[in-house]
Amino acid sequence: MSQMPQPAQLSACPTCDEPPQAGDRYCDQCGADLAAAAASAAQTPGDRPVPPRLNGAAWSSHPEPEPDDYELAAPAPDDYELAAPAPDGYELATPAPDGYGQPADPRAAGALGAPEAAPPTETGTPAEIDTGVNASTHTSAATSTGSMAGTGTGAGPRLPGGEHRPRCAACQEGTIDQDGYCERCGHAQARERDHMESELEGIAAASDRGLRHHRNEDAFAVSAAELPDGSPVMVAVVCDGVSSATRPDDASAAAAHAAGEALRTSLPRGAHPQQAMNEAIVAAAEAVNSLALDTGAAAAHHEGQRHQNAPACTIVSAVVTSDILTIGWVGDSRAYWVPDDRTAPPARLTEDDSWAAQMVAAGLMSEAEAYADERAHAITGWLGADAYELEPHTASYKPDRPGVVVVCTDGLWNYAESAEQMARAVPSDARSRPLNTAQILVGHALDGGGHDNVTVAVVPFPAAPGRAGSA
């Protein structure tokens with residue numbers, strides 16, 4: 001999950017005395033809400049970016065300065081070493097190794113189960129899975145640490161005496177309340193979104209709750225369509241809910257759906273890929289913003305006053321045609337280029353909106369030092385009503401050889417951070433077996449510890465003729 005600055009952490013769960021992991025909002029033992037319990041222990045702003053602490057300076061208990069006050073290098077236009085195209089012509093360079101050198105914008109501070117038939121969709125909560133021709137969708141519940149695997153609410157056996165409510169998968173005695181928790185032991189049950197997979201011909205995605213979190217706050221949308229000239233175009237959108245905000249699972253689902261719909265509508269009409277990407281991210285931001293108004297998560301604000309703790313998420317999206325790939329993002333979810341020819345260099349196609357990226361861009365830390373810091377994943381850009389002015393990043397590339405684009409949340413790239421590490425994790429037959437590749441990459445994150453939700457989409461390049469489905 002993406003992170004905003006967190007409230008003070010409790011040393012033990014107030015309900016069961018289980019020591020929490022750093023960054024956990026819910027107790028892994030009993031499911032208690034740790035964030036609510038910690039709120040009375042400290043009052044740290046949770047919806048503002050973390051200002052850098054330079055030269056060992058202590059944190060201030062006073063309101064942080066606006067990000068414009070940070071002494072960081074001024075941002076440069078989006079022109080990485082992988083050259084972005086002019087609006088016409090797509091004259092683009094071949095992807096190059098990592099090392100873009102662009103400063104970040106200083107304005108803003110979990111083995112997989114066997115596929116099963118997809119259960120009915122619940123409005124407003126599941127990840128959007130946009131399918132086209134010859135599409136197949138799979139969902140199953142991931143095994144929860146210390147409990148039995150299940151589907152839906154995680155309940156298999158029914159209670160005796162004609163009771164139709166499911167039995168808890170952990171204690172096998174309690175019933176499950178409407179929020180998905182055992183009324184006896186408080187254990188969180190498996191949900192529909194705990195593990196999801198989707199495959200179209202030529203594109204696939206997989207998402208898993210991981211091994212440490214009580215729910216999956218990631219979401220994705222994949223789709224296939226045709227451009228006006230009849231050539232295929234593949235779309236993948238991956239979103240990561242900000243766990244310190246309210247309703248992060250709804251935020252990621254809303255953003256993935258809105259961006260996927262926007263791209264699937266505009267591209268067949270002939271929109272320029274980068275323009276379509278920009279508009280799709282704006283549409284995603286508006287969808288997330290509307291959640292704050294729908295739920296009253298934040299009061300109506302006057303000019304200059306921000307929503308407090310509004311639903312929020314990050315986004316990364318890829319559009320792949322027969323000759324060009326376009327990436328768009330806000331936050332710290334990433335896209336990687338992995339060529340079929342592994343003697344050719346892979347590349348990271350995005351630059352994080354994060355504290356760590358700012359420190360590296362400003363020359364204050366090396367990349368290794370910055371990402372080892374506990375503040376590394378504090379994001380400086382996100383979608384949500386309390387975000388700073390939205391500036392979507394977009395870039396297009398024209399690779400000179402076939403390969404795959406890996407679009408993922410930090411639940412994966414935390415275990416394969418560099419482009420070279422990601423390329424080693426991607427199987428050699430990735431382009432011909434995208435779903436298998438997505439499953440392997442999710443398994444890679446789970447085997448590494450599964451400390452976060454993990455979502456990955458695998459998009460082969462080029463998009464082969466005959467693989468496009470109807471929009």
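## Ground rules

Two strands count as paired here if DSSP finds at least two bridges between them. Strands themselves are DSSP runs of E, at least two residues long, and are numbered from the N terminus.

This is a predicted model, so local features need pLDDT of at least 70 and side-chain atom pairs count only at pLDDT 80 or more, while totals for chains, interfaces and linings use all residues. Residues are numbered from 1 along each chain as its sequence is written, and side-chain values use heavy atoms, with hydrogens and water left out.

## Strand β3 and its partners

Start with the hairpin of β2 and β3: 2 residues sit between the strands, and G202 takes a positive phi near 110 degrees. Strand β2 (residues 195–200) runs antiparallel to β3, joined by 6 bridges, and E199 stands opposite A204 in β3.

β3 also pairs with strand β13 (residues 454–461), again antiparallel, over 5 bridges. Here A205 faces A457 in β13.

As for cover, 6 of the 6 residues of β3 (residues 203–208) are buried, meaning under 20% relative accessible area with a 1.4 Å probe, protein chains only (over 50% is exposed, in between is partly exposed). I203, A205 and S207 lie on one side, with A204, A206 and D208 on the other, and both faces are covered.

Searching the whole structure turns up 0 disulfides, a disulfide being a pair of cysteine sulfur atoms within 2.5 Å. C171 counts as buried, at 18% relative accessibility.

C239 is in no disulfide either, and its nearest cysteine sulfur, in C313, is 4.8 Å away. C239 is buried too, with a relative accessible area of 0%.

Methods:
Helices (H or I, at least four residues) and strands (E, at least two) are DSSP runs, numbered from the N terminus.
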